[in-house]
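Trainee: Could you take me slowly through one part of this model, the packing of its helices and the spaces left around them? I would like the cut-offs behind each term as you go.

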Amino acid sequence: MVIDDYQGTDPYFGKPFIDVDERREQPSSHRYVHGGFENTDTRFAIYFPDKPVYQGRFFQPLGGGLGGTEFAFVGPLAGVLGGVEACFRLGGYMLESNQGHFGNDLDQRAGNDPGLYGYRASAESARFAKHLATLHYGRPPHHGYVYGGSGGARRSPLCLENAADIYDGALPFMGGGPVAPGKADEPIESVQPTGFGAMFNVRRLLGDKLASVIDAMEPGGSGNPFEGLTTYEREALADLYRLGFPRGAEYMIAQPMGQAAMWCWNADDWKRQDPDYVHAFWNEKGYAGHDTPHLFEGDRIVRFETKVGEVRIAGDIAAEVMRGGPAAGEASSFMAVMSPPEKPIAIRLAGAPQGYLPGAGVRVTSGNAADRQLYVTGLFGDTLLLDGFGADGNAKAADIEPGDSVEVDNDAFLAYCHWHRHHIIAGEKGFDQVIVDNAPIFPQRRPICVPTPFGGHYSAQFEGKLLYMQHTHDTSLWPDQAILYAENVSRHGNPDNFRLQWVENAEHIPPAFLPSSIFPSPSSRLINYSGVIEQGLADLVAWVEEGDVPPASQYQYAGGKLTLPPEAKDRGGIQPVVAASANGASRADVKVDEPVTLVVVAEVPPNAGTIVRVEWDLDGSGTFPVAQDGVDATSTAIRLSTTHAYAKAGTYFPSVRVIAQRDGDVATPHRQIPNLARVRVVVS
């Protein structure tokens, strides 16, 4: 069906069409509309709640990564990231677009157009949805909001900055990128994928020594992660910290998630943009590959030829995760769980090379998939999880057959591990370490841009309101990215329309999606931030529509390290501030069956509600089975204790989770705002 009476705003888009228009009853009664725009790859999905639910606004979540799907907020992550149900609870209809392209590929007519993927496809989809809403409800929505995490957080400020006719507010969580007013349609350099190389370098170099680094930075540890490392290992770890890697998240260095995907998505394009870098790295002075080749001995793989032994589908790997097989121990298995079960995404090799396989390139040299270039984004025993960019990334292992020839090579990946030395990005804080007297100390290469679906440059100028949430323990988008945007709002825009809130102890993805093999459990270390997002959206609505300004978080940032004030009244934001002790310290050494006194002190910031629940995970399992007595949902501050004795010797990391709720509602599962604190107990 063609909507003939819609007058488009952006001339790139053809006539809108609708291919699905139906009633649905799940998750609650609503009208569902799916369609797109003729002569483009842009598709949209719209969810109109029943009239008694609708309060005259809309919410548009943007999917993460590169985008490429209009169904990111109705799948496994919907309940976590604020999907249809959250939008309905907030009185709005929800729409998604694929942000102008299918999967990892580009719109063939548009090609490399950062503006199209960064904001134009989203904005035109929102305009058409507004047109339909007017017909459906009898009046247009009075306000519109765009939000998203990761790549969606990268692009949601672009929507607010460049489409003031449709959006009144934005809430990016875990985002960032370069600021250059007037360049929203130009491709960007990005510090984050550059920094990932330094992370991979630490992972490769330290190997089993990572365990001592992690232990030093755990509660009750020495606090010195460099102890026992060689000079070069120390330098590599220091590089990573100075670039802004979050302290206390060292256990994730061995568990790459989206970081590995970023390498896979970028690798081919980077080689195209700087085709001589890999050769220079291994053959010219000033590069580690040439100057210190012994550092790569045993790891380097050069054009190893072998055959495919087996092709594996996503459902097979997901089942392996469920039964605790090798895939269950790797964070990258998250990609298998999120893929269609029948999708071929991995292979086993008939003969494995001697060397370092994570990140290695795998080029298919025979068969139906010949010339496809993929990269190892995860390694589960002898299974190679594969990804890439464009059509190759969409296909992954499809059409590959056992017996097909492949070539494995990691020269480019090992060179990428030192990328941050040779591709300095002007204005990014982390590169201060490789600059002396305003000049770089290593040979410099040409500027390199990330794939255009990430969008163009920010202007930090907008008419609406922007509530920015950044996670303190996010190993995929480090804290400095939010700080750079905040500084540029002060420089170029209107600080009165901007607030930054830190979400402490939050990772890029919820802890339930991280491997259960991590100990202590990710759920014992990290919070589920879904309630924070929904409360943030509610606060954004109140700010835009009623003038209720949300509280900003206070912080310090120096030497790549973020520091938050220890007192709730000084920190601000909306999370409770939590501290814990074991026998009065961060570490307690006791005997078997000897009681340990665990104390929690917590307070919510002003006007952030009351504490409705306190619960303990005493063994690091992440289950939090012990509810703390003395919590009545009326207090904004607590100091409580519990006693526990351990029946077996070992090292334990008790964790206490404190949950606040704006209205002090102990019954609702929505808009719960958690934080936690951990201690160490050594039992002998």
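**Spaces and helix packing**

Mentor: The second largest pocket has a lining of 34 residues, and those nearest its centre are Arg-247, Gly-248, His-473, Glu-504 and Asn-505. This is a predicted model, in which local features need pLDDT of at least 70 and side-chain atom pairs count only at pLDDT 80 or more, whereas totals for chains, interfaces and linings use all residues. Residues are numbered from 1 along each chain as its sequence is written, and side-chain values use heavy atoms, with hydrogens and water left out.

The second largest pocket holds about 990 Å³ of space (on a 1 Å grid over the protein atoms alone, a pocket is an open set of points with protein on both sides within 12 Å along at least five of seven lines, a cavity is a set where a 1.4 Å probe fits but cannot get out, and lining residues have an atom within 4 Å of a point; a volume is the space filled by probe spheres set on points joined across faces, edges and corners). Two or more lining residues of this pocket come from each of helix 6 (210-217), strand 19 (561-563), strand 20 (577-582) and strand 28 (672-678), with strand 20 giving the largest share, 4 residues (helices are DSSP runs of H or I with at least four residues, strands are runs of E with at least two, and both are numbered from the N terminus). By class, the pocket lining has 18 nonpolar, 9 polar and 7 charged residues (Ala, Val, Leu, Ile, Met, Phe, Trp, Tyr, Cys and Pro are nonpolar, Asp, Glu, Lys and Arg charged, and the others, Gly among them, polar).

The lining of the largest cavity is made up of 8 nonpolar, 4 polar and 2 charged residues.

Helix 5 also packs against helix 8, at an angle of about 115 degrees and with the axes 10 Å apart (axes are lines fitted to C-alpha atoms over the stretch in contact, and angles run from 0 to 180 degrees between N-to-C directions). Pro-193, Phe-196, Met-199 and Phe-200 of helix 5 meet Gln-259, Ala-260, Met-262, Trp-263, Asn-266 and Trp-270 of helix 8 (contact means heavy atoms within 4.5 Å). In this contact, 8 residues are nonpolar, 2 are polar and none is charged.

Helix 5 has a further partner in helix 7 (residues 231-243), with an angle of about 150 degrees and axes 9 Å apart.

Finally, the loop between strand 7 (169-173) and helix 5 contains Met-174, which has a positive phi of about 65 degrees although it is not a glycine.
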